[in-house]
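Keep the structure in view as you read, and find each residue as it comes up.

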Amino acid sequence: MKYTLITVLGLMILVSGCLSEQNVITRYYTIEWSGNQIEAGTANTPLIPGRCEIDQVEISPMYEKTQIVNRSGSNEVTYYKYHQWAIRPSVAVMEVIRTYLEDADVFESVSARYSRNIPDYRFSTNIRRLEVIESKNLFQAHLELDLKLINNADGRILIEHQANRTEALAKKELNLFASAISNMLVSELGTFEELIRQRSEEIIPEIPR
């Protein structure tokens, strides 16, 4: 009888553990842009009469995973098991860039990589940091990136913009983290767009005639 009771209790504990594991839900987060954040009057006829191709987004291998990275120390990172990106960051960021450039009407046309037409320009993106920075009572979103506009004919960098931003979150919630990353990305694209507009007269002659 004693051994039977121990066996039954053991099975109950095992089943309880399995049920608890099954009740854990994996949550997925997106880096996205609604496409309506450009101020009215900014988008007009294309500023530059040329084609721009978006290069594949380069991301440090540590961050190019579906798992979200948490940095709790200068050299210590962990990956969330039940909180993940819905799409790999490189793919999601490229889609945000494509949507932004199309809505901004900076170039005559915008395409993802491997289009049939030879582009006049290439848009290059390098993501160096994409992580949650965790302290005792605070979450921060951390995004470090490098944006470049390249003359496709000779590979020269026409405009470059770097940013290294952190933003404190109101709560320790990863949905707020994903939203902060999206907003920071779009903000830096806006800064880069302004640089292009300011220097458009220098850029336009670079198109081969």
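Please bear in mind that the model is predicted.

**The chain as a whole**

The chain has 209 residues, and 36% of them are buried. Its accessible surface is about 12200 Å², and carbon and sulfur atoms account for 50% of that. Now look at contacts between residues at least 6 apart in sequence: in 74% of them, the partners are at least 24 apart.

**Strand β7 and its partners**

Which strands pair with β7 in the parallel sense? Among them are β2, β3 and β4. Strand β8 also pairs with β7, but in the antiparallel sense. The table sets out these pairings.

| Strand paired with β7 (residues 121–134) | Sense | Bridges |
|---|---|---|
| β2 (residues 48–54) | parallel | three bridges |
| β3 (residues 58–59) | parallel | two bridges |
| β4 (residues 67–73) | parallel | two bridges |
| β8 (residues 139–151) | antiparallel | 13 bridges |

You can pick out single residues in these pairings. On the β8 side, A141 is the bridge partner of V132. β7 and β8 form a hairpin, with four residues between them.

Apart from its neighbours within four places in sequence, V69 is in contact with M62, Y63, V77, T78, Y79, L130, E131 and V132. V69 and I133 are 64 residues apart in sequence, yet their C-alpha atoms are 8.7 Å apart in space.

**Salt bridges**

Side chains of opposite charge can pair when their charged atoms come close. In the whole structure, a search finds twelve salt bridges. One of them joins E131 and R71, with the closest N and O atoms 3.0 Å apart. This pair links distant parts of the chain, since E131 is in strand β7 and R71 in strand β4, 60 residues apart. Both E131 and R71 are buried; for E131 the relative accessible area is 0%.

E131 also forms a salt bridge with R129, at 3.4 Å from N to O. R129 has a relative accessibility of 29%, so it counts as partly exposed. Together, R71, R129 and E131 are linked in a network of salt bridges.

**Helix α3**

Another salt bridge joins the side chains of E193 and R197, at 2.8 Å from N to O. Both residues lie in helix α3, four residues apart, which is about one turn of the helix. E193 is buried, with a relative accessible area of 7%, whereas R197 is partly exposed at 23%.

E188 is also found in helix α3 (residues 174–198). With a relative accessibility of 8%, E188 counts as buried. A polar contact of 2.7 Å joins its side chain to that of H161. Beyond its neighbours within four places in sequence, E188 is in contact with L145, L147, H161, A163 and R165.

Notes
Residues are numbered from 1 along each chain as its sequence is written. This is a predicted model: local features need pLDDT of at least 70, side-chain atom pairs count only at pLDDT 80 or more; totals for chains, interfaces and linings use all residues. Side-chain values use heavy atoms; hydrogens and water are left out. Buried means under 20% relative accessible area, exposed over 50%, partly exposed in between (1.4 Å probe, protein chains only). Contact means heavy atoms within 4.5 Å. Accessible areas come from the Shrake-Rupley method with a 1.4 Å probe; for residues, only the protein chains shown count as cover. A polar contact is a pair of N or O atoms within 3.5 Å; within protein, one must be able to donate a hydrogen and the other to accept it, and residues adjacent in sequence count only if both atoms are side-chain atoms. Two strands pair if DSSP finds at least two bridges between them. A salt bridge is a side-chain nitrogen of Lys or Arg within 4 Å of a carboxyl oxygen of Asp or Glu.
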